[in-house]
Amino acid sequence: MELHELTVREASEKLASKEISATELTKALLKRTKELEPKVHAFLAVTEERALNDAKVADEAFTAGGSGLPLTGIPFAAKDNILIEGIQATAASKILVNYKAPYSATSMKRLMVQNPVLIGKTNLDEFAMGSSTENSAFGPSRNPHDLERVPGGSSGGSAAAVAAGDVLFAFGTDTGGSVRQPASFCGVVGFKPTYGRISRYGLIALGSSLDQLGIFAKTVEDVAVIATAVSGADENDTTSLPKPVPDYASLLKEDLKGMKIGIPKEYFIDGTDKEVEASVKSAIKKMEELGATVEEMSLPHASYSLAAYYIIMPVEVSANLSRYDGIRYGLSVTGKNLEEVYFNSRSQGFGPEAKRRIMIGTHASSAGYADAYYKKAKLAQKLIKEDFVKAFSKFDLLITPTAPTPAFKVGEKSNDPLSMYLADIFTVALNIAGVPGISVPCGVSSNGLPIGVQLIAPHFKEENLFIGGHALQKSLNLKLKPNI
Amino acid sequence: MPLTIDEVDKISKLARLGFTPDEKQKLQHELSQILNYVEQVKNITSNSEVNLDEDPDSINLMRDDVAETMEEPEKFLSQAPAREGNYVKVKSVLE
């Protein structure tokens with residue numbers, strides 16, 4: 001097996017037994033990244049010097065202390081809207097093109113304790129606004145399984161980097177599906193925690209009441225290990241909650257005896273690709289064979305999720321992006337007075353989708369419209385959340401498709417904002433309700449594109465996702481190797 | 001309800017964004033289409049009420065407001081487009 005095909009756990013075992021060194025692993029992955037980048041464009045920055053130094057530090061840790069921690073010496077990447085001190089953080093926007101993070105996100109600080117290896121910062125839709133990475137100011141990424149197609153988004157670069165074997169794991173952010181949907185498109189595992197599980201301090205804000213850090217890896221087991229490393233309350237994020245963080249990986253098992261699974265009928269609707277539906281249904285059957293009980297159920301307000309999302313999120317966007325005004329950092333375009341500096345910097349710095357969302361959010365929160373839009377959307381949010389809480393009094397997990405289709409072609413939806421928004425139809429409700437979810441590869445379409453199944457768990461019951469996802473992945477035993 | 005060009009103008013001023021006449025026309029169409037979609041939330045019938053000032057399910061965790069000394073202010077100041085010493089320089093607010 002080649003080094004880029006290893007899972008985090010396999011690589012960690014080889015490093016601990018000194019079969020390979022962190023430097024050897026890092027050099028192999030840097031080489032692969034350099035070869036593939038002209039095709040895939042997963043990265044906005046490859047941090048080669050930093051990576052080799054990180055690897056050296058990890059190798060010293062192995063020499064000094066023996067077996068290291070589970071992520072010591074493991075190469076990873078972070079979406080370019082996550083702050084790592086001294087490294088660029090552009091959010092794929094021209095307005096932050098020269099911005100260097102003056103401090104690190106709390107989640108990244110927690111990770112660095114283990115001495116992993118930073119390979120680079122990955123591409124995204126500008127400010128994480130999109131479902132394809134086509135909204136990046138620096139050009140789209142490509143799906144390693146079919147270079148004509150998008151990797152999904154907004155964390156498309158991170159998903160593509162893991163799928164291509166540039167890194168063994170990666171971080172994204174998920175506000176409406178931005179980790180789960182690209183994971184589904186690229187044939188990797190993508191996890192969004194409960195709102196409040198992982199600190200948001202040091203993530204460039206999109207919709208603050210919806211944003212969470214997310215994790216990509218080849219296996220559910222790897223994701224579980226990484227989740228334990230970065231979770232937990234943080235005094236710099238008032239919305240992170242002080243709940244104990246389990247050692248998730250220790251809870252995994254091979255069967256699902258006693259697990260109660262609900263299938264929300266609103267998620268199996270016309271318009272979903274037939275192959276996606278069949279693949280998800282066979283995954284559900286597999287989980288039943290593993291010992292779970294399965295029952296159809298209803299989330300009656302689910303159909304309002306996307307509409308509520310495209311009010312709440314833009315309202316928060318319009319507030320969050322008001323900080324980019326050309327004064328303290330980022331692009332500054334001169335004008336004859338202060339107001340012109342604001343207008344000129346923002347008009348030249350933001351791309352079309354950021355502008356659309358700022359406009360929608362400004363309108364939906366303005367006097368005379370806030371009651372009709374924002375207040376109604378918050379009511380929808382309350383009802384959607386109540387649906388989930390009620391469902392979870394009976395079920396341990398809910399199962400749906402992650403996305404209505406496999407990866408679409410570059411350019412296919414880029415001129416139709418609304419049709420792009422519909423790519424998130426199955427993922428947004430989780431952010432609206434704050435519940436955790438994971439996308440696990442469950443099949444391949446007839447033209448070779450990966451398909452993902454979404455598992456949904458109660459608030460702060462991430463272990464249900466990992467237990468269900470791990471048993472499913474083990475028993476499906478899919479081999480998803482992109483041919484690039 | 002579709003937006004008028006005047007409304008697009010008004011929103012763009014509130015948002016501190018400038019657009020060309022062509023961009024405004026395109027936005028008028030795109031924003032109207034998006035608003036038309038999200039307006040379905042108006043169909044929700046429920047006796048439930050939302051209180052926008054308070055979310056009973058969530059608590060903010062506050063910490064003591066203690067001033068800290070920044071070790072390396074240069075990391076922040078060096079990103080400012082214009083500065084004078086340890087200050088960020090801006091155009092005058094009042095004319």
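The buried residues of helix H5 of chain A are Gly156(A), Gly157(A), Ser158(A), Ala159(A), Ala160(A), Ala161(A), Val162(A), Ala163(A) and Ala164(A). The model described here is a predicted one. H5(A) spans residues 156–164, and with 9 of its 9 residues buried the helix is mostly covered. After H5(A) comes Gly165(A), which has a positive phi, near 85°.

Burial can also be followed in a strand. Ser439(A) belongs to strand E10 of chain A, which covers residues 437–444. This serine has 36 C-beta neighbours inside 10 Å, and therefore counts as buried, since 20 or more are enough for that label. Apart from neighbours within four places in sequence, Ser439(A) is in contact with Arg180(A), Ala183(A), Ser184(A), Val189(A), Gly190(A), Thr402(A), Gly452(A) and Gln454(A). Gly361(A) lies elsewhere: its C-alpha is 29 Å from that of Ser439(A), and 78 residues separate the two in sequence.

The next topic is the nonpolar interior. In soluble globular proteins, nonpolar side chains tend to be buried together. The largest nonpolar core of this model holds 164 residues, and the members that touch the most others are Phe169(A), Phe216(A), Ala217(A), Ala308(A) and Ile311(A). Helix H9 of chain A, residues 305–320, gives this core its largest share, 10 residues.

What does Ile311(A) contact, leaving aside its neighbours within four places in sequence? In chain A the partners are Ala364(A), Tyr373(A), Tyr374(A) and Ala377(A), and in chain B they are Val38(B) and Val41(B).

The axes of the two helices are 9 Å apart and form an angle of about 125°. Because of that angle, H9(A) is oblique to H12(A). Their crossing is left-handed. From H9(A), the residues involved are Ser305(A), Ala308(A), Ile311(A), Ile312(A) and Val315(A); they meet Tyr373(A), Tyr374(A), Ala377(A), Lys378(A), Ala380(A), Gln381(A) and Ile384(A) of H12(A). Sorted by class, this contact has 9 nonpolar, 2 polar and 1 charged residues.

Chain A brings 44 residues to it and chain B brings 36. On the side of chain A that touches chain B, at least two residues come from each of H9, H10 (338–349), H11, H12 (371–391) and H13 (417–421). H12(A) supplies the largest share of that side, 10 residues. The classes on this side of chain A are 25 nonpolar, 10 polar and 9 charged residues.

One pair of helices shows how the chains meet. The crossing of H11(A) and H2(B) is right-handed, whereas that of H9(A) and H12(A) is left-handed. On the H11(A) side the contact is made by Arg356(A), Met359(A) and Ile360(A), and on the H2(B) side by Leu27(B), Glu30(B), Leu31(B) and Ile34(B). These residues divide into 5 nonpolar and 2 charged, with no polar ones.

Key:
Residues numbered from 1 in each chain as written. Chains lettered and ligands numbered in written order. Predicted model: local features only at pLDDT ≥ 70, side-chain atom pairs only at ≥ 80, totals over all residues. Left-handed = near helix turned anticlockwise from the far one by under 90°. Helix = DSSP H or I, 4+ residues; strand = E, 2+ residues; numbered from the N terminus. Contact = placed C-beta atoms within 7 Å. Nonpolar A, V, L, I, M, F, W, Y, C, P; charged D, E, K, R; others polar. Core = buried A, V, L, I, M, F, W, Y, C linked by C-beta atoms within 7 Å. Buried ≥ 20, exposed ≤ 12 C-beta atoms within 10 Å, placed from the backbone. Axes fitted to C-alpha atoms, helices over the stretch in contact; angles between N-to-C directions. Parallel < 35°, antiparallel > 145°, perpendicular 65-115°, else oblique.
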